[in-house]
Structures are given as C-alpha cells and as structure tokens.
Amino acid sequence: MAEIKVTDLTFSYEDSADTILDGISFHIDTDWKLGFIGRNGKGKTTMLRLLMGDYSYQGSITTSVRFDYFPYPIREEDMEKTASELIPDWKPEIEEWQVLIQMNQIKMDPECLYRPFGTLSYGERTRVMLAVLFADENEFLLIDEPTNHLDRQAREIVREYLAGKKGFILVSHDRDLLDAVTDHVLVMNRESVEVQAGNFSSWWENKEKNDAFARSENEKHQKEIGKLKAAADRSSRWADKNEGTKIGFDPVKEHDRDISTRPKIGAKTKKMQSRVKAFEKRMDREIREKEGLLQDIERVPDLKLCPMRYHKDILIHADHFSLQYADAKEPLFTELRFQIRNGDRTVLAGDNGCGKTSILKMILEKAGVKQPGTHVEGVQAGRAGSNDETGSGLQAGGTLEVGAGLVISYINQDTSFLTGTLREFCAARGLEESLLLAVLRQLDLNREQFVKRMEDFSEGQKKKVLIAASLITPAHLYIWDEPLNYIDVFSRMQIEKLILEFQPTMLLVEHDVRFREKVATEVVEVGEKRQ
C-alpha cells in the first residue's frame, strides 16, 4: 500500500482566465476503490490528467506509483486496427496473455481482441480497454466515466468486474455503479475537497445530515446577528442624540444644565460609542466564525417545465412494428407493440444496437422534426408500411402512428453539432436567451461559460445546454435520447424531481438504473416480442 498526496494544487488552462483547481489538498491510499464525485466543470477529468502528468501545475503531487488512464485515445486510423495491434500503443509493458486473463474475467470472447476496433460495439470497446487497463497489477488506475453509452447488460458486466478490483479512482455519475464498486469517495465540493470512507449513498446520507445541521446553525447565527445589529443601531442613535445635546440648550426648559455639564455628556456619549464599537466587533467575530458555514451545501434549485396536453389520449401507437436497414440481412427488431398516452413516461430498453434510437428517429421524421433541432410542430399522422423507407436508410414494417399536430421537444444523444455562442444558439432556435441562461444557472453552469463558444464546453456542459433548451420548450411530447450521459449526480436529481412534479409525456432512452426506476411509468424492451 502506498499513498498519493496532493498539496496546494492550483491549475488553469493557458488560454483561459478561469482557475479550474485552486489550492486543493488531499491524500488517498492506493489500495482504495475510490469514487470521484463532483459537479460538471469542477475539474475531475483535469485532476486525473494532472495525475498522469499531462499538464504543468502549481503545488505538488507526491506518490511512488505509476498511473494509467481510461479511456485510451483512439484515432480514426485506429478503427481499422485490432485491439491486439493497439495494445503496444496503449500499454507497451504488458503481454497479450495478461489481457486475455482479464477478458475472461470481464466476460468477453477472446475473438474480440482480433477484430477491427471499429466493428466492436461501445460495450465491447469499453470492456477490451478495461481488460488492457487492469492487465498490469502494479499501477493505480484512473477510470473516467466507463459506462457512458453502455446498455444495461454491459453496465452490469462492468459493474461486476470493477467490484472485484481495487486500486483505482472512478469518475462516474452513475449512482448504482458508485454504490456497487467503491469503498471511499473523493468529493469536489463547491469550496472544498473531502475524502470519506463509504460509497455514494453513505456519503450523500452524511452530507444531507451535515447540510441540515449547517442550515439550522446558520438560521441561529442570522438571528443573533440581527439582534446585535438592532442593539448596535439603538446604541448608535442614542449616542448621536446624546452627542447633539452637548452644545446648545434652552435654560428655561433645561434649568438643570449649564456649560459645566458638557464633560459629563461627552463621557456618556463616549461610553455609548464604545458599546456600539463592541457590538460591531462582536458581529464581525460572529461572521468570521460562521464564515463558510454554507459554502459546501449543494443547493439543488427546483426546475420548471411547461408541458402541453395533447387533444387526444394517444400520441404514439406502434403495432407489429419492425425496422430494418436496407442493406441488412436481419431486422433490428420485429413485432414491437406499444402506445404513448398523455402522462406516460415510457423508457425504451435493450442492448446497444437493437434499434432504440432508430425508433426515435422514425417518430421524429413522421412528426416533421428536423434533427438535431429542438422542436417543430408535427405534420400529418403517418402509418409505416412494409415498403416505407425513410431518409435514414431504414425500412419499416407494421404500424407506427404519430398524432397529427404533435409538438415534440427533442434531446439528441450527439452534441457534436453544438457550435458558436449561446446567443447564436438561441437565435437559431427561437429560444428566449434570458430564460435559457436562467435554467443553465439552475443546472449549475457558471456565468463565465455564457461568453464562451459551445465547442469549448465539456460534454456535460453541452448536454446541459440541450436539456435547458428542451425544458423551456412547451411540448406535447418530450423525446430524450440518453440525456444523462456526462450529467452530474446533482443535476440528475434535479431532473428526476422535475419530471415527477410536472409529469410530462415522455419517450426516453436512458440506461441510468436509478433514474429509470424513479421516473418511468413503463419500460418497453426493444428486441423482445411483446404480446
């Protein structure tokens, strides 16, 4: 067992005025299974890169261990190579047999090691990389969001695999994964960094208790400060009034006063002024003692949504529905049946590549929504026939009916089209800029980001732009395709609460187990026959 000590670490990117990490310190043991938690933009990935030695920084990082990082970089030309050919680039000090041992543990066919990397699914690529990552047992591993884009089965395999390992930092916003595989947490709070034994749920329970105590203490503190201010104000007014009587008096009305009383009045005034100063000093001391009391409280403001109610009960109807690519031998799925009614929150589930996103695209095309736009009023309801071929190269069979005049708000799982400023984004989509910025602030996007170009945003920040745009768009149906990839835990909780409160009609593809359990009214398994 060794230690990693980080002391007074400060870092900012050369082309940015923002300080990403400011004087942070912590130490951790290298045999821990450490979950790394924090808001989007708090510098988690940057911290991993600093441990890897990728950037220059102020402060110190002291350790005797070597690091390795997931995911490995993949270039366009690497897609034609096999993972076996890529191992010398990723981890040159290991042998292939070491990787094969790990592939057996992560339930992978060894044949995947010898297929072109571009032919592997997201789940297969992740598992191959993890097998390479853990092949050397003498490293401390830095794992950055391994379950993004993975389906339920792949997530379960990765979770089971990591649960049997140790000696890593895991950056993840998947609460189920963090609870299953970690025994310590490293938390980037708003103003501090903390290390605590336990998993996400135990840390969150402690945090809620600590936050409640801090709020209670702060209320007492504010009442005390209010009383001190009132007493100081009274004393100040008494002193001012008394000081004003030193010079000038009416000898008829104030027969007991003469010029010799001035020193007495002055002494009394001085005493009152001393009391005022004492009150002010006490207030300053109280404020200093309580300073920072609420600095790390996670304020999760309530979001709002303005869903529209469709004039008919059924918005989407699918019966014996199938999809197949024109050049494919087998359909993506057959005999799919489901309906979406007002108030339903339907989640499409299934393995990667089973056709979930294709269903969404087909619905959007029939509703006349231009991708990757935000919302467009629907067109005439459609019925998919066996020869119906869309612009996406998909052939549909059976029935897929989309309500006429349906207004859809859509979140694309892809963010690569987001370029330019937020102002340009709002102008292009007819969104109210001030409203979008207000929602982004509620989702904890810093104001400093508002003047940047979106291509410079992190993936989590880009996703928040799409979510905010959808939230301010009144719609009959909200279609969200993997909206929570890269989104921090606290924002996920906000969105859960929003959906449960406003109960919009939704069709979602989302693999976050906790999120799905909380918000879904129905889960439709794509690829399985439904009676």
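Before anything else, a word on labels: helices here are DSSP runs of H or I with at least four residues, strands are runs of E with at least two, and both are numbered from the N terminus. The model on the screen is predicted.

I will start with the loop between α13 and β18, where glutamine 503 lies. Glutamine 503 is not a glycine, and its phi is positive, near 50°. Histidine 149 is another case: its phi is about 75°, again positive in a residue that is not a glycine. Histidine 149 sits in the loop between β6 and α5, the helix of residues 152–163. Is histidine 149 buried or exposed? With a relative accessibility of 14%, it counts as buried, because the cut-off for buried is under 20%.

One peptide bond also deserves a look. The bond from phenylalanine 70 to proline 71 is cis, with omega near 5°. Proline 71 belongs to the loop that runs between β5 (66–70) and α2 (83–90). For background, most residues other than glycine have a negative phi, and most peptide bonds are trans.

In soluble globular proteins, nonpolar side chains tend to be buried together. The largest nonpolar core here has 45 residues, and the members that touch the most others are Val99, Leu130, Phe134 and Ile143. Which helix gives the most to this core? That is α4, residues 122–133, with 6 residues. As for leucine 130, leaving aside residues up to four places away in sequence, it touches Phe70, Ile106, Ile143, Val158 and Tyr161.

Now the charged pairs. Side chains of opposite charge can pair when their charged atoms come close. How many salt bridges does the structure hold? The count is 30. Here are three of them.

Lysine 209 pairs with glutamate 205, with 3.6 Å between the closest N and O atoms. Both residues are in helix α7 (residues 200–243), 4 residues apart, which is about one turn of the helix. Lysine 209 is exposed, at 53% relative accessible area, while glutamate 205 is partly exposed, at 43%.

Arginine 115 forms a salt bridge with glutamate 111, and their closest N and O atoms are 3.9 Å apart. Glutamate 111, at 39%, is partly exposed.

Arginine 492 is in helix α13 (residues 489–502) and aspartate 512 is in the loop between β18 (506–509) and α14 (513–519), so the bridge ties together parts that are 20 residues apart in sequence. Arginine 492 is buried, at 4%, and aspartate 512 is buried too, at 0%.

Salt bridges also form a network that links Arg66, Asp68, Lys91, Glu93, Asp136 and Glu139.

Glu139 brings me to the last topic, the second largest pocket. Its lining has 16 residues, and those nearest the centre are Glu137, Asn138, Glu139, Lys166 and Gly167. The space inside is about 310 Å³. Strand β6, residues 139–144, gives the most to the lining, with 3 residues. By type, the lining splits into 5 nonpolar, 5 polar and 6 charged residues.

That is the end of my part.

Notes: Residues are numbered from 1 along each chain as its sequence is written. This is a predicted model: local features need pLDDT of at least 70, side-chain atom pairs count only at pLDDT 80 or more; totals for chains, interfaces and linings use all residues. Side-chain values use heavy atoms; hydrogens and water are left out. On a 1 Å grid over the protein atoms alone, a cavity is a set of points where a 1.4 Å probe fits but cannot get out, and a pocket is an open set with protein on both sides within 12 Å along at least five of seven lines; lining residues have an atom within 4 Å of a point. Grid points are joined across faces, edges and corners, and a volume is the space filled by probe spheres set on the points. Ala, Val, Leu, Ile, Met, Phe, Trp, Tyr, Cys and Pro count as nonpolar, Asp, Glu, Lys and Arg as charged, and the others, Gly among them, as polar. A salt bridge is a side-chain nitrogen of Lys or Arg within 4 Å of a carboxyl oxygen of Asp or Glu. Buried means under 20% relative accessible area, exposed over 50%, partly exposed in between (1.4 Å probe, protein chains only). A nonpolar core is a set of buried Ala, Val, Leu, Ile, Met, Phe, Trp, Tyr and Cys residues joined through side-chain atoms within 4.5 Å. Contact means heavy atoms within 4.5 Å.
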